[in-house]
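Here is a short tour to read alongside the coordinates. Keep your viewer open and follow each stop in turn.

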Amino acid sequence: MLRTIIAKEFLNNILNLRFMIGLVLCLIVTVACIMILAHDYRQQMNDYNARMNIQDEIVDNYAKADHHRVFNLLRPQKPPERFRPLIIGIPGNESSGFFDYNPLPILFPPLDFLFIVTIIMSLLAMLFSYDAIAGERQSGTLRLMISNSISRTKLLFGKFIGGTASLLIPFILALLVGVLYVSVNPVIQWDGSAWVELALLTAASITFITLFYLLGLMISTFSKYSAISILNCLFIWVLLILVIPNICPYISAQFCRIPSIKEAERRDNEIERHSIEVARKLMNEAVKEFKLKYSKLFSEFESMEFGGIAAFFVFGRDVDPKYQKAAQQRAEEEPEFKAMMNAFRQKEEKARDELMRIRRANPFLDDLHRKAALQTNLAKNLACISPFANFVYIARELTGTGLRSPDYFEQVKDEYDDQLHSYLDKKIQEAKEKNPELDEESFLDVSDRPRLVFKEEPFKDKLGAVLPYWGILVLFNVVFFAAAFAGFMRYDVR
Amino acid sequence: MLMSIIRKEILSNLLSYKFSIITILSTILILVSILVMYGDYLLAMDNHDILRKESSDHSGIIPPTPLGIFAKGLDDNLCRPWELQGVGVGISSEQQKSLNNLFKLFTAPDLLYIIKVILSLCAMLFAFDMVSGEKETGTLRQALSYRLKRPILIVGKWIGGFTSFILPFFIAVLLGTIFVTLSPMVDINAQDWTKLGLFILSSVIYLAIFFSLGLLISCLTHRSSTSLVISLFVWTILVFLIPNLGNILACQFIQIPTAQQLDLKRKQIMNRVRFEMKQIPKTRPDYEKRLKELQFRTIKEGDQLDEDYRNRINRLVKVSQSITGLSPAPAFTLLATDIMGTGVAEERRLKKAAQDYKDFLVKLYYIDGTLDEESEQPKFHYQRSSVKDILSQGGLSNSLILILLNVLFFSGAYVAFLRYDVR
């Protein structure tokens, strides 16, 4: 009997006008969207390559024998996300920090796979289910069915399975055509992990779509007329999709305020300057004390720029390696010099500890980032009331276009910075050995430097990040089905 | 007779469930939106006060406009502090919002968004069964069996239906506006009132388009359920599909380098110039003169780069407008944000003002020689566009698109109703 109900529901839906409109819309939008985004991906790749070439030209021609300057020239560039033919990264990110940018994506967020699932499919799901019960009651067929020996549970299950199956046909068909286009496009090179992520994305989309089908079914079991059911459905759809997620960041901004970035930076600079002042004062006192105690021996040590970080505090510059080496050699040869140097090093340590203590006690930047994280988390969690937000988090995190992707890129950049630091240490040392006259203004050939190779975030990490939100979507499904079940058990079919 | 039909339409709407639910939804949403965006405006003002104190010479910052409460547009980006650099213009500090990416992930729930997306849907829901629904219940046949002319009936239905739909909108907007104007933190001048009036007028025209479209669909179908399904799909296409897909399609025709690439190109120029500067021997008697010449040339090269980029953006906006011209949503978005001083035209104007300021300083320093490092530099001043500017910057063409679509859809509904089979 269950099969008969599923078949009836399925056939009833696919012969309906809404199925045809849904199918045509899904196919046209998905294919057009993927074709345009694939072309856009190619443009973004060209842009990335152009950026890399400009960067190489700058670094190869103007790099100096100084870490700071090389790092200033070399800003790691992020390649376009591999899922860009399906999902575009966070809109408006490009304008961040630039006076000149393209304003259109802010006013008109680009259309992608997320839009197809969250707007078109959710709306279609509700249109498929809003009259599943109330409509049949109005036409009198529900009464006829119930008068036979069929349980309400089976009827509801049958309607759910048949309805969902017919609803998913346009979606799966459109996605298959889109994926076929992606797989034959030579510009898009997806590896095994990308296909696994796509499979999970499809599964998450199905969870999201069934959720809205069940929501429509639930509303239908609580309505007598399909006209009222559709109005209630649309009312809730507007709230869940168009209102709640958009309002949450603004509400959280009112409750968790973030201090001004400029103010925090200014205070941070003040503290940094103050910490250097304090360390300098301590070192100057130590120099005075050592001059009195060791007189000539210390003057010789001073002429070697103290062979350590004190040079920075006292003279305001980094120690030259040649002095460092000379001081070390002298200490090995002369025990009295060594004792003095060690005593001076202790003073240096003390000054450095004081400097670090002051900087660590700096509350401003930490406070800024802590409050920003708090605000983001509050907004994120508040928006979880809406299935839309949960699905957006899942889809974006799975495809590396989400909120965690900038942090992940920062992590990749930090690792690369470490590599580059070691490379530059070695390179500058070698260059100085070859040319003792080399200084911070001298050109340094870094054409053999390590290059940043962007690797996708490990799949395990992505999955860990999306599972809680997926759980919420499943929970929504269960709750809506249970409510639809309870509603239908008490439904007056007359 | 026309008055009786209008009255009947208004009364039947007022007593319907649809009216209650749409009125409750739109009223709550408009009030919540204004309240939320008002809070956002106060935060932006606090931030502006801090940043203004910090601003140095050859830099600029403009305050957020209170009209951003109604249409946020690009205001967050417009109000960032910027400073003139050797090559180009740079942003000296971001807003706090830049630290919370959720703001970028979801759209600002301002009045513009509520009208563009939600109220347009409500307008279609109001109109989708005005003809096909009456046909189903049999009242249309009865009404036309009297000496009632079809043109009078359709005009009466339109006026009555639209009046009952738009009244709650006016009341909610009025309440929200009173709340905002009563706040001592918000300073709305006469110019702003005119702009707000124009914004509401354009919103009414925009909503009338969707109402007429809903009526047209109702006149083309014989069952209200069919009319509803078609209305929803047309709404999705007009409000989301055409504007959002059209813009990304426009980007495929006009190649725009990313902001990062532009920044790298500037850096390339700067590094080359630094290198060339070091090649000039300091012992030369004309060292200072040659240095200035080189700097001047660099600034002009950077300006050329910026101009080229901005021209491309302008072309992109035009192409995008041509592609999306079929839908009222992009025309309304551009018109509303331009009216409120938070749109693409305002951004273009601000960039031009920053460029003019830069050219002025460059002229004083490099050509006239009346400005040096120690003398006090002229400050940057900026006034947002007046109503006249808005109309000349493209506001008029967008208004015409909206009016034209209105006339088109209403004429379509009128013609379709004259040929409608009421049996």
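## A buried serine in chain A

Let's begin with A:Ser405, which is buried because 22 other C-beta atoms lie within 10 Å, where 20 or more are enough to count as buried. Bear in mind that the model is a predicted one. A:Ser405 belongs to helix α17 of chain A, which covers residues 404-434.

## Domains of chain A

Zooming out, chain A has two domains: domain 1 is made of 2-257 + 382-489, and domain 2 is 261-367.

## Where the chains meet

How many residues does each chain bring to the contact? Chain A supplies 74 residues and chain B supplies 82. On the side of chain A that touches chain B, the elements giving two or more residues are α2 (17-62), α4 (104-107), α5 (113-129), α10 (226-255), α11 (261-303) and α15 (364-383) of chain A. The most comes from α2(A), with 19 residues. By residue class, this side of chain A has 49 nonpolar, 14 polar and eleven charged residues.

## A sheet in chain B

Over in chain B you will find an open sheet of three strands, ordered β1-β2-β3 and paired antiparallel. Its edges are β1 (59-60) and β3 (89-91) of chain B; each has a single partner strand, so one side of each has no neighbour in the sheet. Three bridges join β2 (residues 82-84) of chain B to β3(B) in the antiparallel sense, and one pair to look up is B:Trp82 with its bridge partner B:Ile91 in β3(B).

Helix α14 of chain B, residues 344-368, packs on this sheet and touches β1, β2 and β3 of chain B. The directions of α14(B) and β2(B) make an angle of about 30°.

## A covered helix in chain B

Is α13(B) mostly covered or mostly open? It is mostly covered, with twelve of its twelve residues buried; among them are B:Phe332, B:Leu334, B:Asp338 and B:Ile339.

The length of α13 (residues 328-339) of chain B also checks out: at 1.5 Å a residue its twelve residues should span 16 Å, and the end C-alpha atoms are 16 Å apart, so the two agree. Just past α13(B), B:Gly341 adopts a positive phi of about 75°.

Definitions and conventions: Residues are numbered from 1 along each chain as its sequence is written. Chains are lettered from A and ligands numbered from 1 in the order in which they are written. This is a predicted model: local features need pLDDT of at least 70, side-chain atom pairs count only at pLDDT 80 or more; totals for chains, interfaces and linings use all residues. Domain bounds come from an automatic or database domain assignment. Two strands pair if DSSP finds at least two bridges between them. Helices (H or I, at least four residues) and strands (E, at least two) are DSSP runs, numbered from the N terminus. Two residues are in contact if their C-beta atoms, placed from the backbone, lie within 7 Å. Axes are lines fitted to C-alpha atoms, for helices over the stretch in contact, and angles run from 0 to 180 degrees between N-to-C directions. The expected span of a helix is 1.5 Å times one less than its number of residues. Ala, Val, Leu, Ile, Met, Phe, Trp, Tyr, Cys and Pro count as nonpolar, Asp, Glu, Lys and Arg as charged, and the others, Gly among them, as polar.
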